[in-house]
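Visitor: I am new to this structure. Please show it to me, and then I will ask about its surface.

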Amino acid sequence: MKAFFLKHLKILITFLVAIILTMIVFLVVGGFHYESPKETIKDICDAFSIPGFLIFAFGLLVFISNDGGFSMLSYAVKRIFAVFKRDAKMEDFYEYKKKKIENPSPFKHYLIVGGMFFLIGMLFLIIFLVL
């Protein structure tokens with residue numbers, strides 16, 4: 001059981017963050033003020049769709065960053081901040097990009113959890129539209 005949790009720790013943490021964001025959005029849109037069942041379903045749709053889309057979009061940004069989409073920008077920012085350090089040694093762009101591609105950031109857990117929450121939100125949207 002412990003091995004299962006350690007293996008899927010990133011997914012579990014992302015899932016807990018998504019649940020917390022869902023509850024915050026549900027509170028912000030006034031989900032606990034029951035005017036009608038249709039309004040409550042709309043609030044639940046918003047509460048799942050917004051965090052799902054944000055987490056999924058963050059996963060896509062990490063995926064793009066792993067392929068080198070933002071390499072020039074991140075290298076330039078690090079180069080600018082290196083000017084203010086005393087003993088700042090910066091490698092050239094080729095070495096920097098090679099190191100970034102060899103050591104990619106994980107992103108699949110963002111896509112899984114974000115997609116799942118977004119699909120739940122779309123399910124509630126369909127229910128809202130049918131009612």
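Here is a short exchange about a surface patch and a pocket.

Guide: This is a predicted model, where local features need pLDDT of at least 70, side-chain atom pairs count only at pLDDT 80 or more, and totals for chains, interfaces and linings use all residues. Residues are numbered from 1 along each chain as its sequence is written, and side-chain values use heavy atoms, with hydrogens and water left out.

Visitor: Which helix gives the most to the nonpolar patch?

Guide: The patch includes L61, F63, F70 and V77. Helices are DSSP runs (H or I, at least four residues), numbered from the N terminus. Both α3 (37–66) and α4 (71–82) supply at least two patch residues each. The top contributor, with four residues, is α4.

Visitor: Is F63 buried, partly exposed or exposed, and why?

Guide: F63 sits in helix α3. Buried means under 20% relative accessible area, exposed over 50%, and partly exposed in between (1.4 Å probe, protein chains only). F63 has 35% relative accessibility, so F63 counts as partly exposed.

Visitor: How much space lies in the largest pocket?

Guide: A pocket is an open set of points on a 1 Å grid where a 1.4 Å probe fits, with protein on both sides within 12 Å along at least five of seven lines; lining residues have an atom within 4 Å of a point. Among the lining residues are S65, S74 and K100. The space is about 160 Å³.

Visitor: Which helix gives the most to that pocket's lining?

Guide: Two elements give two or more residues to the lining of the largest pocket: α3 and α4. The most, three residues, comes from α4.

Terms used: Patches are made of residues with over 30% relative accessible area and no salt bridge: like charges are joined within 9 Å, nonpolar side chains (Val, Leu, Ile, Met, Phe, Trp, Tyr) within 5 Å. Accessible areas come from the Shrake-Rupley method with a 1.4 Å probe; for residues, only the protein chains shown count as cover. A salt bridge is a side-chain nitrogen of Lys or Arg within 4 Å of a carboxyl oxygen of Asp or Glu. Grid points are joined across faces, edges and corners, and a volume is the space filled by probe spheres set on the points.
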